[in-house]
Amino acid sequence: MITLIELFAGIGTQYQAFKNNYEVKCIGISEIDPRPLKAYKALFGEPNNFGDITKIKELPKSDVWTYSFPCTDLSIAGKQEGFKGKHSSLIYEVYRLLCVSPKPKVLIMENVANICNTKFMPQFQDWIDTLTELGYTSTWQKIKANVYGGATIRE
């Protein structure tokens, strides 16, 4: 059985994706927004919510961490502040937790396509380099959700 921690859990989409394909147990989440938390509870029951990622001292041992940190500073609709922005800088809380917690075997990050555009690619590459220094091998790819059963936008 795979054990999973879902950081910035939202409504639990990564957990659901794992459930669709593997035998998995979510041992905890980090989510502070009450709106997606309400949906998460309706879908999966009461989660073991570690709460605000900035206040988590250490995470328990787990096989996989997913982290879909806020995209508001990266999105084309946002302020374009990148990883230095108030919300998207929360990616560095993942780094902090990796330094103080038992390291998972696998990290899965999901975010907006704009994270790897010309403007933000240097910051994204710095993140990949940081993960390499921690012993991880990274691969990334832009994908279109509709190819995998997600919604399609009609133009």
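Which residue forms a salt bridge with Asp 63? Select Lys 105: the closest N and O atoms of this pair are 3.4 Å apart. A salt bridge here means a side-chain nitrogen of Lys or Arg within 4 Å of a carboxyl oxygen of Asp or Glu.

This is a predicted model, where local features need pLDDT of at least 70, side-chain atom pairs count only at pLDDT 80 or more, and totals for chains, interfaces and linings use all residues. Residues are numbered from 1 along each chain as its sequence is written, and side-chain values use heavy atoms, leaving out hydrogens and water.

Stay with the pair. Asp 63 is buried at 17% relative accessible area, while Lys 105 is exposed at 64%. (Buried is under 20% relative accessible area, exposed over 50%, partly exposed in between, with a 1.4 Å probe and protein chains only.)

Next, select Glu 93 and Arg 96. Both lie in helix α3, three residues apart; helices are DSSP runs (H or I, at least four residues), and strands are E runs of at least two, numbered from the N terminus. Glu 93 is buried; Arg 96 is partly exposed.

Now go to Leu 7. Beyond its neighbours within four places in sequence, its contacts (heavy atoms within 4.5 Å) include Ile 53, Trp 65 and Val 94.

One step on is Phe 8, in the loop between β1 and α1. Its phi is near 55°, a positive value in a residue other than glycine. Phe 8 is buried, at 13% relative accessibility.
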